[in-house]
Amino acid sequence: MAAGCPSSMIVLMSSSSHIASRVAASLLGGYAFSWGFTVFGITLLVWAGMSYHEAQTLVFMLAFLVFLVVFCWAFAAARVARVWGVLAGGGAAMTAAAWWLTRTLQ
Amino acid sequence: MYQSFRQSMAWLHTWFGLVLGFVLMACFFFGSLSVFDREIDRWAIPSSRFEPQPMPRFDTILGPAMRALKPNPQDYARTQERVIGALPAPETLVLSSFWAYTTHRDPVLVMGGEFAVPNQPKDASDEHQHVHGFTTIDPRTGAELPDSQLKIGSRFFYPMHYSLHLRWMNLGYWIVGLAALVMLAALVSGVVMHRKIFRELFTFRPHKRTQRSALDLHNLTGVVALPFHFFFAFTGLVIFAGIYLPVGDTLLKPLHDADEIREAERTGLPHDAAGVAAPLASVDAMVAEAKRIWAERDMAGEVGSLRIEHLDDANGYVSVYRAGSDRVALVGEGIHFKAGTGELLRADPPRTAVSSINEFLTGLHLQHFEHWLLRWLYFVGGIAGCVCIATGFIFFVEKRKRQHAARGESGARCVDALAVTTVTGMLIATVTMLVANRLLPVDLPQRGDWEQYVFWGAWLLAAAHAFWRTAPVLQARIAPAWAEQSVAVALLAVLAVILNWTSTGDHLLRTIGNGYWPVAGVDLTLLGGAVLAVVAANRLRQRAAQESLKLSDVEAGATTSVANGRVGEIAHV
Amino acid sequence: MSDALLLFLALLCNVAGLAWLALAMDVHWRQVRGDQATPPRVVPVLRGLGAVALMVSLGLCLRVDHASMAALVWVMALAAAALVVAFTLSWRPRLLVPLAVWVRAG
């Protein structure tokens, strides 16, 4: 069985700090990315004419699926730096875009 | 993180599943009990053992009970902390809104309201300045029922499954939310790891080694109930999305607030009070009109919830919502009337596609529908989830215990002790609480608090026993804690049924004879659980006996190096 | 017929349908009949019977409840039926003999 692989299978995961970074990226980075997706998704839909309530309902449903996908990807991706970059960077970029878009919507 | 996708998913499944599995166990078990929360309430509060009642008439029952509502002392104190200056005396506060709520399973009726306060809030963004009041009444007479008795099902087990009763900073919600996300990831990674989902769909080999049969059962319960597990973890997250992603209170607050005002304009339901007093027209007439409109839409039904906003004000309105019954979706079909005249203000329009999907998903989880078979199937699905998690722990321990024993490590023992605590220990805590419920004097002050102390105390004792009686795992044997706690569960469950009989006279022959299934069902489930616990304890003892026979063979017939070789061989299976 | 009876029949159909699908697999055929493998000409018949039984069950659920509710009842009943079939195969496999009584011992 594959669960809890013997040490010979471990190739890239050598240190506990690497594991800690990977876990933190999956949770914190994943949350940041989902947050960015949520605020950007809602503002984009509101900008396109949907009511806020409706947009929020729709994006909330999608947000947890997005979190699920990026959470799993955080462990499948080859390099942890890339995971941090995409998740934290993407989350920040989408949040900034949403912030800019809400200002134009008022 | 590993070379292959499958290996990285296996790492995620093993370690996140292990750590959050202890939380998921509580979510699934108390969630399963919540399917029958009202029935457990009836068992725990014998004075409420009568047939479910429809929403009572307003003019004779609800109205007088509403006028008798008092501010809740604890909420009064909490509100005092949030406002500037002293609050007016509790008995002088004026009720500004009202709600009453019932379902097809409730003999008693819960109702409450908000008392307006004139004080300014300390925090300007704090918009909800009022003191809450709530009570439970007998809908046949309007008599107030003492709220000192804990509704164990709907006020303890039910909130336990989504908040763990950790209220500080909503910590419990966040832990459960993380556990739900991990559940989803465990399902995805489990499917990736499992090579033969369809070929081994019905495979369970109880006579093989514990490690093999535990994995069979883990796969079986995980795969057959996969859609159930996925949708319950997912919809649980969606229901509390506002807590996990509070965007409307932060970055998107301007959009949210603008939408709220637009919504009030669109629906014509006043957002604020007018400040001019007005009388209340006959609410019973409004209810009759609402029922007529539902019947016209081919959705005839009973009233589930009744609300009055801006009570005794010219802007006041009454909303009547339909009880969930024949649909999965939580559809209120709200009909709104002007409180002063009874004039129809608005009937909720058909829902959009997005909110239809959302209401189906949340309705699927919250199960307000009237369908006993589906309720039992949910219960079976939830217990299957518990079995899946518990066998996951057992597999984890079985896979590692020989290796850990050979190396003198205690990891497997610690996991086994935690597994005992969260599996049988949780059952002990639950059943002990029911026993305490029947033993504590009825007039004991703060009786509900005592029941909760007993619950946590019993769980703590079970944890101590689990850590003590898992020592044999250090020698790669089965921990006696499992069998011992199973016996304790069986004894306590039988005791609970007997105590229910002696303290209320409701033995099974009587409750089944009268067809009073809420109490008969709890008793029968307790007895069924006791039988399963005894069977489990016997099987565990047999396995332990076989195991020690085998181990002594190995010790007698082989040198340490051979034993180590065997350990190595097992570890690589 | 009463709703309770129809739902009971739906449950039975689900159990029978999944049992037929299981019998189409060699390993379970062996558990039930003691023979080596499912006779090749019987496999499509068993699969067909299984599929028909599951569809009948869905039909019965739809007769009793609103469509959205019926689909949910059916999916949940499938899960319960799969557990029943799996446990019967492990502990009392001979109980499933009547489902293939028309196949002569091979």
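How many residues of chain B are in contact with chain A, and how many of chain A with chain B?

## Chains A and B

The contact involves 36 residues of chain B and 38 residues of chain A. Two residues are in contact if their C-beta atoms, placed from the backbone, lie within 7 Å. This is a predicted model, in which local features need pLDDT of at least 70 and side-chain atom pairs count only at pLDDT 80 or more, while totals for chains, interfaces and linings use all residues. Residues are numbered from 1 along each chain as its sequence is written, with chains lettered from A and ligands numbered from 1 in the order in which they are written.

Five elements of chain B give two or more residues each to the side that touches chain A: α1 (5-34), α6 (171-193), α8 (226-239), α10 (253-267) and α12 (353-366). Helices are DSSP runs (H or I, at least four residues), numbered from the N terminus. The largest share, 9 residues, comes from α1(B). By class, this side of chain B has 22 nonpolar, 11 polar and 3 charged residues. Ala, Val, Leu, Ile, Met, Phe, Trp, Tyr, Cys and Pro count as nonpolar; Asp, Glu, Lys and Arg as charged; the others, Gly among them, as polar.

## Chains B and C

Here 20 residues come from chain C and 25 residues from chain B. On the chain C side, α1 (3-23) and α4 (67-91) each supply at least two residues. α4(C) gives the most, with 16 residues. This side of chain C has 16 nonpolar, 4 polar and no charged residues.

## The pairs together

There are 2 pairs of chains in contact, and chains A and B share the most contacts. No contact joins chain A and chain C. Their closest C-alpha atoms lie 19 Å apart.
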